[in-house]
Amino acid sequence: MSRLIAGTEHALDANQPSDILPRIDYDLIKAHGYAAVITLFLSALAGLLVALKLTMPDLLSSHAALTWGRLRFDHTQGIFFGWLANAFFAFCYHMVPRLADRPVFSRRLGWVIFYIWNLGVLLPGWLLISLGLDSPWFAIQSLEWAEFPMIVDLVVVLGLILVCAQFAGPFLLKRQRGGLYISAWYLIGGAVFTLLAYPVGNFAPAFIPGAQGAAFSGLWIHDAVGLFVTPFVLAISYYIIPAATNRPIYSHFLSMIGFWFLFFFYPLNGTHHYVYSAIPMDAQKAAIIASVYLGMDVILVVFNQLMSLRGQASTVASDVPLRFVWTGTVFYLIVSLQGAFQALMPVNRLTHFSDWVIGHSHLAMLGFATFVAAGGIAHAWQRIPNNRYSAAAMNWAYWLITIGLLAMFTTLTAGGLVQAQIWETTAPWMDSVRASLAYWWIRDLSGLPILAGFIAFFLGLTTGARNNGAAVSTSPVIHPTLAGV
C-alpha cells in the first residue's frame, strides 16, 4: 500500500513505482461532494413535488415555474448535472492521482471546472427552465435528458472538454510502466465518449426535423446513461471493491470484455425507445438486439465484481461505503436485465408509456448510479485528513434510501402493469388514472424515507469524530501478474 503525504508532489522515477502518492486535492473533493449532496436533495425534492402533483393536481399551480413539466425538468437535469456529475468529479480527485501516479492536470483548472459546472451549467439551466423563454437558444428543449436550453449546452461541451483534460490527461502522461487499471479505462471512455455524444443528442434534434431528429434524441437518452453515468459508476465500483477488501479483482480479462462490450453496443441502444415508431424497423431491431447483448455484458460485469467480493460478507456488512457499492452492483444487474426484457417488442408494446418505465429509470438512476456514487463519496470522505465522518449516520442513510427505493420501484412496477392491462381493453383512459391513484399515493410516501436518507447522508459527511489527521491510503490491489493494468 502506498503512503500518502498530503499536498506534496514528488519527482518519480519513470521505471519505479513510487511508495508516496502525489498531491490529492482534498478541497476539490469536498467542494464537489457538498455540491453533489445539496443538489441531490433539491432535485429529489423537485421529484417529490412532481409525484405529489399526480395525486394533488392543484398543488403549487399558481406559477408556471412550479408546473409539473418544469419541475420534472429540474428533477431530471438536477440529478444528472448536479448530483451524479459532481459526485463523479469528487471521486475522480480521489482516484486519478492514485491510479496515474501523478496529480490531476491542474488544481486551478479544477476550480474552473467546479464553477463552470455549477454556476455555468446547473444554476443557469434551472433558472432558464423556470423563466420559460421563447428564444431558440434560451428556450427549454422538449428532449428527454436534454431539457436544458442550447445556450447551456454550449457551456456543458466546454466543461466536458476541460473534464477530459483534467482527468484523462494524467493517464496520457502516466510515468509507470504497464497499462491502465480498469477504472482508468472506464473513466477515459466515459469522459471522451460523452464529449462526442453530447452535441449529437442536444444540438442535432433542434436542426433535424421529424423521425430523424427523434432518432438522434433517442441515442442521447441512452448515451447519457450508458456513456456517462455507467462508465463513471463502474470506474468507482472497480476501484472501491479491491481497495476496501485488500484483494485484486476476480478477472482483469472479464473487466476488459465488459468495457468493450459496453462501448460497442450501448450507442445502438437508444432507438429501443421508439419501437413501433416511424424510425426504420431495421434500426429498431438493431437496438433490441444490442439491448439483449448488453444484458449479457452486465451479467459478466456483475459476476466479476461479486466474485471479487466472495468470502467478504463481513467486510460488506461493516464497511458502509462498500455496502452502498455492493447494493448498487446488485441493482445494476436487476435493472439491466429488466431493460433488455422490456426492449423486446411484445413487452415494449405492453409497458411503454406506463409507470413500469418510471420504476425502471428510478432503479437505474437512484438504485444503481446513486448507490455507487454515494459509496464513492463516502469512501473518499473517510480518507480526507482531519475530516468528520459518521458511520452511524451513513448506516441510517443506507437503510432509509434502500427501503424507500424498493417501495417506490415495486409500487411503480405494479402500477405500470395495472395501467398496461387497462389500456389493452376498451375501457376509458380515465379508468387507468383512477386505478393508478393508490399506487401514486404509495409512491409519494416512499419519497419520504428517501429524502430522510439524503439528509442522513449529508449528516454522515458533516458530523461524527474527526479522523487522526492522516490520510488513509488505499488503492486498488493489483495482482502481481497484472501490475500496472
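User: Is Y398 buried or exposed?

Analyst: This is a predicted model, in which local features need pLDDT of at least 70, side-chain atom pairs count only at pLDDT 80 or more, and totals for chains, interfaces and linings use all residues. Residues are numbered from 1 along each chain as its sequence is written, and side-chain values use heavy atoms, with hydrogens and water left out. A residue is called buried under 20% relative accessible area, exposed over 50%, and partly exposed in between (1.4 Å probe, protein chains only). Because the relative accessibility of Y398 is 5%, this residue counts as buried.

User: Which kind of aromatic pair do Y398 and W399 form?

Analyst: The structure holds 39 aromatic pairs. Among them is the pair of Y398 and W399, with 5.0 Å from centre to centre and 85 degrees between the planes. Rings of Phe, Tyr and Trp (its six-membered ring) pair if their centres lie within 6.5 Å, and planes under 30 degrees apart are stacked, those over 60 edge-to-face and the rest tilted. The pair of Y398 and W399 is therefore edge-to-face.

User: How far apart in space are T402 and G453, C-alpha to C-alpha?

Analyst: T402 belongs to helix α13 (residues 391–423); helices here are DSSP runs (H or I, at least four residues), as strands are (E, at least two), numbered from the N terminus. T402 is buried, with a relative accessible area of 8%. Although 51 residues separate T402 from G453 in sequence, their C-alpha atoms are apart in space by 8.7 Å.

User: How far apart in space are I334 and N246, C-alpha to C-alpha?

Analyst: I334 has its place in helix α10 (residues 320–342). At 40% relative accessibility, I334 counts as partly exposed. In sequence I334 and N246 are 88 residues apart, and the distance in space from C-alpha to C-alpha is 27 Å.

User: How close are the nearest N and O atoms of R107 and D27?

Analyst: Side chains of opposite charge can pair when their charged atoms come close. The structure holds 7 salt bridges, each with a side-chain nitrogen of Lys or Arg within 4 Å of a carboxyl oxygen of Asp or Glu. In the salt bridge of R107 with D27, the closest N and O atoms are apart by 2.3 Å.

User: Which helices hold R107 and D27?

Analyst: R107 is partly exposed at 36%, and D27 is partly exposed at 28%. Their salt bridge has its closest N and O atoms 2.3 Å apart. This pair links distant parts of the chain, 80 residues apart, with R107 in helix α3 (residues 107–131) and D27 in helix α1 (residues 26–55).

User: What separates D431 and R434 within helix α14?

Analyst: D431 forms a salt bridge with R434, and their closest N and O atoms are 3.0 Å apart. D431 is partly exposed at 30%, whereas R434 is exposed at 54%. Because they are 3 residues apart in helix α14 (residues 429–462), their separation is about one helical turn.

User: Which residues does N202 touch beyond four places in sequence?

Analyst: N202 lies in helix α5 (residues 182–207) and counts as buried, at 0% relative accessibility. Contact means heavy atoms within 4.5 Å. Not counting residues up to four places away in sequence, N202 touches Q141, A146, M150, D153 and W220.
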